[in-house]
Amino acid sequence: MRILIIGNGFLGSKLYTRLEDNDVYMASLHGKNCIQLDMFDADAVHTLYQVIKPELTILTAAMTNVDECEQKPELARRINSFSIINFIVAINFYGGKIIYISTDNVFDGTKGNYIPEDKPNPINVYGRTKLEGERTIINYNIPYLILRTSVLYGWGNSRFFSWCYENLNEGREIKISKEYTVSPTLVDDLVNFIHSNLDFKENKILHVCGREAVTKYEFAIKIAKVFNFDQNLIKEATDFKQIALRPKNSSMITCSDMFKNVEDGLQYLR
Ligand SMILES: NC(=O)c1ccc[n+]([C@@H]2O[C@H](COP(=O)([O-])OP(=O)(O)OC[C@H]3O[C@@H](n4cnc5c(N)ncnc54)[C@H](OP(=O)(O)O)[C@@H]3O)[C@@H](O)[C@H]2O)c1
């Protein structure tokens, strides 16, 4: 299958490697080791589709820094929401399907164990703009799969896991709040899931995440246990201040048994 991955960040670059048994292309804003594309540029998106004519687009690119989105809401809206129409126009014109990667931040975090039928109610700019992206896709007549995931981890530049691993490995203390419950997702499980669903037939929203809900503090303790780091280096952050609000419990129920629990996911990385 001819596949175009938009975004060469943590997920995009893993997908590119995993999907190499296909005719796969990748594009991102800065174009490091891939095609350069600003997805907000409608002409550039159209030209790229004219050349590649992808049968499947996997849209991983986004403004993903939650605090930065809060500080620059117009930029977040341009990237996460307004850009999506450019792909819809191109797919309407040249054909093809889209897999859109979304987030647990579309929920307000008051319930936890979210299923796709639960009503989204984002409490930060990141969540709101990603939800707008989802709704733009749903409102137009193109074949789609919307995959909502949560705290991706694995080797490479995964924010929370890499930060914990590097600090604990260097013997440095880290402070983490016990307030936030998530469904940590092994990135390798997600790319395998996508690989198995390239040929999807039905438009759907799916929750694709690890099978276990834990606080970020518990996640860090499990990282320390599995990699034999000193657990005493992990302290509770009590005066934890962030720019954007985070959902307290954004855990989701996964749609597939391809996703591991946290301990098995970490053991896989060992
Ligand atoms: N990571 C997580 O824990 C997590 C959790 C839930 C959902 N998600 C969702 O999963 C997806 C992938 O996340 P990730 O961690 O792989 O993100 P990431 O590492 O931050 O990568 C984001 C990518 O978006 C690209 N990008 C940003 N603006 C662009 C533009 N205007 N035009 C083209 N490309 C642009 C960046 O390109 P450059 O590198 O060239 O700048 C980068 O490659 C995102 O949609 C995110 O919302 C992630």
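Trainee: How do α5 and α6 lie to each other, roughly parallel or roughly perpendicular?
Mentor: They are roughly parallel. The axes of α5 (residues 84–94) and α6 (residues 125–139) come within 9 Å and cross at roughly 20 degrees. Angles under 35 degrees count as roughly parallel, over 145 as roughly antiparallel, 65 to 115 as roughly perpendicular and the rest as oblique. Axes are lines fitted to C-alpha atoms, for helices over the stretch in contact, and angles run from 0 to 180 degrees between N-to-C directions.

Trainee: Which residues make the contact of α5 and α6?
Mentor: I84, I85 and I88 of α5 meet G133, T136 and I137 of α6. Contact here needs C-beta atoms, placed from the backbone, within 7 Å.

Trainee: Before I go on, where does the model come from?
Mentor: It is a predicted model: local features need pLDDT of at least 70, side-chain atom pairs count only at pLDDT 80 or more, and totals for chains, interfaces and linings use all residues. Residues are numbered from 1 along each chain as its sequence is written.

Trainee: And what counts as a helix or strand?
Mentor: They are DSSP runs, numbered from the N terminus: helices are H or I with at least four residues, strands are E with at least two.

Trainee: Now the sheet. What is the strand order?
Mentor: The sheet is open, with 7 strands in the order β3-β2-β1-β4-β5-β6-β11, and the pairing is parallel. Two strands pair if DSSP finds at least two bridges between them. β3 (35–36) and β11 (204–207) are the edges; each has a single partner strand, so one side of each is left without a neighbour in the sheet.

Trainee: How many bridges join β5 and β6?
Mentor: There are 6. S102 has R148 of β6 as its bridge partner.

Trainee: Switching to the ligand. How many residues surround it?
Mentor: 27, and the closest are G9, L11, S28, H30 and A61. To be near, a residue's C-beta atom, placed from the backbone, must lie within 6 Å.

Trainee: Which element gives the most to that shell?
Mentor: α1, with 3 residues.

Trainee: What does α1 touch elsewhere, say on α8?
Mentor: The axes of α1 and α8 (residues 187–196) come within 10 Å and cross at roughly 55 degrees. That makes α1 oblique to α8. F10, L11, K14, L15 and R18 of α1 contact V187, L190, V191, I194 and H195 of α8.

Definitions and conventions. Two residues are in contact if their C-beta atoms, placed from the backbone, lie within 7 Å.
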